[in-house]
Amino acid sequence: MRLDNMLLAEGVSGPEKRGRGGPAAIAATSGGCPNDNSIEHSDYRAKLSQIRQIYHSELEKYEQACSEFTTHVMNLLREQSRTRPISPKEIERMVNIIHGKFSTIQMQLKQSTCEAVMILRSRFLDARRKRRNFSKQATEVLNEYFYSHLSNPYPSEEAKEELAKKGGITVSQVSNWFGNKRIRYKKNMGKFQEEANIYAAKTAVDATNVVAQGNQTSSPPTPNSGEYRKTPS
């Protein structure tokens, strides 16, 4: 019953509809709206429809095979009834055995279909979460580190943890970002040169501000301070 309810809710069994796990619901769960990322929603619906078609096709095959096999056994029992008595109870028992076997096969089909739907949903939601969590702030933090360590853009595990904390992302995402960034930078250094100049200028400005603040902190004492003494006239 639980599998049936899940397949019904997902729109796999019963009339085709958008259930709780449909694209609209997933968009709401991941913070978007049904009109956003229409290509991805269309792809999700297409894959869900494919799962639905396979499920109904296999289910129809099993039901047909069950019916044909039951008819075959019934014919055999009728032939045997010419040589020995066969009670209605025996016939009923044989039919129940056949239906039980095919019910088990159908249950396996339902389980595999539910697993396919859950995997599809998981992949779709994971992709949405990654994009949502990877904010502009995280990109800024990672780019600043990358271009300030351009001679060796391989952060240590401690540095990755710190970057992940600053950007609000996972250490795994930091590792993946640096791996992809290094590949893209090596393939097209000219394209990223302007970006490198921007972050180099930003680093220089930050360094200048730090020096200026340091000078203000260590400024000489004013005439009003106790350390400043008037020379005698």
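Helices here are DSSP runs of H or I, at least four residues long, numbered from the N terminus. The model is predicted.

**Exercise 1.** Which helix holds N143, and is N143 buried or exposed?

*Solution.* Start with the helix. Helix α5 covers residues 136-148, and N143 is found there. Next, take the cut-off: buried means under 20% relative accessible area. N143 has 4% relative accessibility, so N143 counts as buried. Last, list the neighbours. Leaving out residues up to four places away in sequence, N143 touches W177, K181, E195 and Y199.

**Exercise 2.** Describe how helices α6 and α7 meet.

*Solution.* Two packed helices are described by the angle between their axes and the distance between the axes. Begin with the distance: the axes of α6 (residues 157-167) and α7 (residues 171-187) come within 8 Å. Then the angle: the axes cross at roughly 110°. Angles of 65 to 115 degrees count as roughly perpendicular. Therefore α6 is roughly perpendicular to α7. Now name the residues. From α6 come E157, K160, E161, L163 and A164; from α7 come V171, V174, S175 and F178. Sort the residues of this contact: 5 are nonpolar, 1 is polar and 3 are charged.

**Exercise 3.** How many helices and strands does the chain have, and what share of its residues counts as buried?

*Solution.* Count the elements: 8 helices and 0 strands. Along the sequence, the pattern reads α-α-α-α-α-α-α-α. Then turn to burial: 28% of the 233 residues count as buried. Finish with the surface. The accessible surface of the chain is about 16,300 Å², and carbon and sulfur atoms hold 53% of that.

How values were computed. Residues are numbered from 1 along each chain as its sequence is written. This is a predicted model: local features need pLDDT of at least 70, side-chain atom pairs count only at pLDDT 80 or more; totals for chains, interfaces and linings use all residues. Side-chain values use heavy atoms; hydrogens and water are left out. Helices (H or I, at least four residues) and strands (E, at least two) are DSSP runs, numbered from the N terminus. Buried means under 20% relative accessible area, exposed over 50%, partly exposed in between (1.4 Å probe, protein chains only). Contact means heavy atoms within 4.5 Å. Accessible areas come from the Shrake-Rupley method with a 1.4 Å probe; for residues, only the protein chains shown count as cover. Axes are lines fitted to C-alpha atoms, for helices over the stretch in contact, and angles run from 0 to 180 degrees between N-to-C directions. Angles under 35 degrees count as roughly parallel, over 145 as roughly antiparallel, 65 to 115 as roughly perpendicular and the rest as oblique. Ala, Val, Leu, Ile, Met, Phe, Trp, Tyr, Cys and Pro count as nonpolar, Asp, Glu, Lys and Arg as charged, and the others, Gly among them, as polar.
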